[in-house]
Amino acid sequence: MTPDNHFPSIGTLAQQADSSVDSVDLNDTADAPPNDDDDRVVQELESLCMNCEKQGVTRLLLTSIPFFHEVILMSFRCEHCGISNNEIQSAGVIRPEGAIYTARILARRDLNRQIIKSETCTITIPEYELTIPAAKGKLTTVEGIIQDVISDLSYNQPLRRIQNEDTFTKIQILIDKLKAIVPDEDEDSEGGTTPLRAANSEAPMPHFTVELDDPAGNSFIEFGDSMTSDPNWNFRTYRRTQEQNVALGLVASDTAGDTGIDGHDDTTKTVLADDADEEIYVFPGVCSSCGHPLNTMMKKVVIPYFKDILIMSTNCDRCGYRDNEVKSGGAISDKGKRITLRVEDREDLSRDILKSETCGLTVPDIDLVLQAGTLGGRFTTLEGILEQVYEELSQKVFAAGDSIGSADPVGPDIQERNKFKTFLGKLEAVKNAEHPFTLILDDPLANSYVQNLYAPDPDPNMEIESYERTWEQDEDLGLNDMKVEGYEGEKVES
């Protein structure tokens, strides 16, 4: 197997994996001809069964989940006692920041939201004061999480009833509440039991919230139509604490005091000072990801026919955290600016573009709207910023999974998935300039810029419009309370 297909898509391997597992005969492995591991879909190795202490088989499948990242699926089964379990582990790197995903479960169809729970993720359901601590990773759904909680809590209930009746009563109350969400097993026509799909039940269901908190940032919960149109789904990132970095192994516990927080020199250093415009300023600081000392570099860049900007770059040599930011180096403009560019071919994709953090970006041809603050400040090319938008959406969107094959081919879930796949296809066509499209940058502070290929003459494909900011825009920018004249004589209250 070549390095390029170490992690092929799970859809392309599912059928091969089934046939590979069915063809394995554990009793005849000694007489079987040698098999090339590179040609096998599922890797197998003998493992000790912790139940009967005999040898079982662990199967490993390296795969990638569409619109997420690479994972390792592990399945153990002992043929002697019949015990089996499975686990999922992330094959990617630890993210620069922790992530919190929140989903409101208001209807039974929301129980089908798929969840990737890494081994560092904690799941909380506030309405029931329920916290599921970090444990082994798994690929499941909201319904699967509830079923696992019911199963785990019910395991020792008969013993608790004898030893501690108060504890038994409290846990049983929680189990009964959760069973209102996930129904019990039904008796089938042959006298056996068949698990019901809670999402298909017509019984009323209480509303609740599912929150995933993963310091490593490698967990995910599925949203509805899209990130921006699902009001019941929320995602935010946060800076990890020192304790979380120690738990993830990013820093050693005995070096917690050597992070440079109190001991490093706070003075600003200057490098390459022959020319004022070529001067690079270095600011010592602390990495927000791993807590080790690093330097933030800042340089002034002069954009022809525009204004000066400040580019700041942070790079941590220990954990690989990187961050870039662009700030305006000039005064606040009196008016806002709206830039409309008609992109005709791939040559236009090479235009330099400065998108400030107060600038909104719109491509009306595909209904793409990025609010101000999205992606922060960026100084790149038009192709680069469209590529970044595509990567952010495609990597964080969970539009496919194991349950897609069993879903209703005309149901709302499939329709939503197909709608978003269609949108990603249109976005990919735009970023490759397969057809003409219009790009609009709207910046109330006029700190954004698109390169004029015909400068200093006007660009026939670009229209620049200045407009008066509204009171609401000035209020959001904090300009209404800013006093720049007549403040010298004011007394400062102590």
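Q: A salt bridge is a side-chain nitrogen of Lys or Arg within 4 Å of a carboxyl oxygen of Asp or Glu. What makes D110 and R113 a salt bridge?
A: The closest N and O atoms of D110 and R113 are 3.7 Å apart, and the cut-off is 4 Å, so the pair counts as a salt bridge.

Q: What kind of model is this, and which atoms and residues count?
A: It's a predicted model, in which local features need pLDDT of at least 70 and side-chain atom pairs count only at pLDDT 80 or more, while totals for chains, interfaces and linings use all residues. Residues are numbered from 1 along each chain as its sequence is written, and side-chain values use heavy atoms, with hydrogens and water left out.

Q: Are D110 and R113 buried or exposed?
A: Both D110 and R113 are buried, where buried means under 20% relative accessible area, exposed over 50% and partly exposed in between (1.4 Å probe, protein chains only).

Q: How do you know that E383 and R346 are paired?
A: Their closest N and O atoms are 3.4 Å apart, and that is within 4 Å, so it's a salt bridge. The pair links distant parts of the chain, with E383 in helix α6 (residues 382-396) and R346 in the loop between β20 (336-343) and β21 (352-355), 37 residues apart.

Q: Why are E383 and R346 both called partly exposed?
A: E383 has 32% relative accessibility and R346 has 45%. Both values fall between 20% and 50%, so partly exposed is the label.

Q: What does the salt bridge between E44 and R59 tie together?
A: The side chains of E44 and R59 meet at 3.4 Å, N to O. E44 lies in strand β1 (residues 43-48) and R59 in strand β2 (residues 55-64), so the pair ties together parts that are 15 residues apart in sequence. A search of the whole structure finds 15 salt bridges.

Q: Why do E44 and R59 get their burial labels?
A: R59 comes in at 14%, under the 20% limit, so R59 is buried. E44 has 23%, which sits between the limits, so E44 is partly exposed.

Q: Why is A433 called buried?
A: A433 has 14% relative accessibility, and that is under 20%, so A433 is buried. A433 is in the loop between α7 (412-431) and β25 (437-443), and this non-glycine has a positive phi of about 55 degrees.

Q: What makes A247 exposed?
A: A247 has 68% relative accessibility, over the 50% mark, so it is exposed. A247 is in helix α5 (residues 242-247), and its C-alpha is separated by 9.2 Å from that of T120, 127 residues apart along the chain.

Q: Which residues does H207 touch?
A: H207 touches R104, I105, L106 and E127, not counting residues up to four places away in sequence; a contact means heavy atoms within 4.5 Å. The C-alpha atoms of H207 and R104 are 7.5 Å apart, although 103 residues separate the two along the chain. H207 sits in the loop between β11 (193-194) and β12 (208-214).

Q: Why is H207 called partly exposed?
A: H207 has a relative accessible area of 45%, and that lies between 20% and 50%, so partly exposed it is.

Q: How much of the protein is buried?
A: Buried residues make up 36% of the 494 residues. Among contacts between residues at least 6 apart in sequence, 62% join residues at least 24 apart.

How values were computed: Helices (H or I, at least four residues) and strands (E, at least two) are DSSP runs, numbered from the N terminus.
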